[in-house]
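Morning, everyone. I have one structure to go through, and I will take it a piece at a time. Please have a look at it first.

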Amino acid sequence: MTNVAVIGAQWGDEGKGKVVDWLASRADVVVRFQGGHNAGHTLVVGNQTYKLSLLPSGLVRGKLGIIGNGVVVDPEALLAEIERVRAQGLKVSPETLRIAENAILILPLHPAIDRAREAARGERKIGTTGRGIGPAYEDKVARRAIRVCDLAEPETLSEKLDELLLHHNTLLRGLGAETFEKQALLDRLLALAPQILPYAEPAWERLDEARRAGKRILFEGAQAVMLDVDHGTYPFVTSSNTVAATAASGSGVAPSAIGFVLGIAKAYSTRVGSGPFPSELTDETGALLGDRGHEFGTVTGRRRRCGWFDAAMVRQAVKVGGIQGLALTKLDVLDGLPELKVCIGYDIGGEVLRRLPAAPRAQAAARPIYETMEGWSGSTRGARSWAELPAQAIKYVRRIEELVEAPVTLLSTSPERDDTILMRDPFEG
């Protein structure tokens, strides 16, 4: 028995919510370890659909959820999400949810800075969600951030707000945006303190106790490897590290405790917002994939860009993300297409590469090199065994395994939790 870390192997929105929900039924603890409420997981359970941004997906299965220190927490967004899922019948209390006391807080000034910067960039905007995630991480590394534990110390809050406002109000004035007044922010935080502090604790200690007791821990990543601030398509990335190694630093456990790393990838590719997308389809096929896959961001509501499966990119994600097995989702979206293409590399000014380069202009210049495969006429939707899949669909999955150099250990054939084919149990290592 081992622990499992789940991360995205593309640009996010790969269907991690369903897979985490499926795995959470067999876990004891589910931990979010990076990102903020810019990430969204949609879980379909029976006739109920849950849309989660900060809450660990395991809460839907009645499992203990932990928001780790690597997450940036908007306290008002968190409380609103708790109330929303409570209205759907979920039990969320300090007995079922814990928050790392050293997690960073997102304040109202962070989204204000985020939006003002994007507006100033004009056509060169990055495509952030405007929720203050990046500015909050900036404050963290600049050592001026307010943490969950600071809510218990009014004097600490007052002192830190002085430093924060000195920095952020200067920026806001320069960007022509409204500034913030200290007392209003202080009063707001002090009012939130009694609602947030009951959930706070040294999460690393609870996780250590769980590990020693032999409990199964599921580490739930947000976004995906190609949005990693170091390894993704910079600067069109998120503000945190999304690779599996971050599960350790973002939750306070040893790297050896992470266990099996499961990467989630769609059977095609999607991306929300700006940035390079070599295999993007802007034709009728791209529109068809978007319609069939219901490709709208859980958080942003924006239409996702769609394209063919990019095996070169996923192979890169496997290598840098530490992925040991893939969960391939939305195979059913490809049903009935007479011909499928898979990107196996890039032509960049006559040079052929099997990886995306780091430099932005080289990324933008990458042209896909495709391998064409025959489609299938039968249906994969709802299949729960290999025997139910068309032969050509099996060939497609096997070819993806060869190209990305990782086994497909789990196959999802619809949004329904049980429409899943399991080849290898991640919890068995």
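A residue counts as buried here when its relative accessible area is under 20%. Tryptophan 11 has a relative accessible area of 4%, so tryptophan 11 is buried. Bear in mind that this is a predicted model.

What does tryptophan 11 pair with? By the ring-centre rule, there are two aromatic pairs in the model. In one of them, the ring of tryptophan 11 and the ring of phenylalanine 277 have centres 5.1 Å apart. Their planes are at 65°, and the cut-off for edge-to-face is over 60 degrees, so this pair is edge-to-face. Tryptophan 11 sits in the loop between β1 and α1, while phenylalanine 277 sits in the loop between β12 and α9, so the contact ties together parts 266 residues apart in sequence. Phenylalanine 277 is also buried, at 7% relative accessibility.

While we are on aromatic rings, there is tryptophan 386. The charged end of arginine 398 sits over that ring, 4.6 Å from its centre.

Next, the strands. β10 covers residues 217-220. Ile217 and Phe219 point one way, Leu218 and Glu220 point the other way, and all are buried.

Which strands pair with β10? β1 runs parallel to β10 and is joined to it by three bridges. Valine 6 has glutamate 220 of β10 as its bridge partner. β2, residues 29-32, also pairs with β10 in the parallel sense, over four bridges. There, valine 30 stands opposite leucine 218.

Last, helix α10, residues 311-321. Is α10 largely enclosed or largely open? Nine of its 11 residues are buried, so the rest of the structure largely encloses this helix. Among the buried ones are Met313, Val314 and Val318, and the set also includes Arg315 and Gln316. The buried residues of α10 pack against the strands β1, β11, β14, β15 and β16, and against helix α12.

Both ends of α10 have a detail to point out. At the start, a side-chain oxygen of aspartate 310 comes within 3.2 Å of the backbone nitrogen of alanine 312. Just after the helix, glycine 322 takes a positive phi of about 75°.

To tie two of these parts together: β1 bridges to β10, and β1 is also among the elements that the buried residues of α10 pack against. That is where I will stop.

Technical notes:
Residues are numbered from 1 along each chain as its sequence is written. This is a predicted model: local features need pLDDT of at least 70, side-chain atom pairs count only at pLDDT 80 or more; totals for chains, interfaces and linings use all residues. Side-chain values use heavy atoms; hydrogens and water are left out. Buried means under 20% relative accessible area, exposed over 50%, partly exposed in between (1.4 Å probe, protein chains only). Helices (H or I, at least four residues) and strands (E, at least two) are DSSP runs, numbered from the N terminus. Contact means heavy atoms within 4.5 Å. A polar contact is a pair of N or O atoms within 3.5 Å; within protein, one must be able to donate a hydrogen and the other to accept it, and residues adjacent in sequence count only if both atoms are side-chain atoms. Two strands pair if DSSP finds at least two bridges between them. Rings of Phe, Tyr and Trp (its six-membered ring) pair if their centres lie within 6.5 Å; planes under 30 degrees apart count as stacked, over 60 as edge-to-face and the rest as tilted. A charge sits over a ring if NZ of Lys or CZ of Arg is within 6 Å of the ring centre and within 35 degrees of the ring normal.
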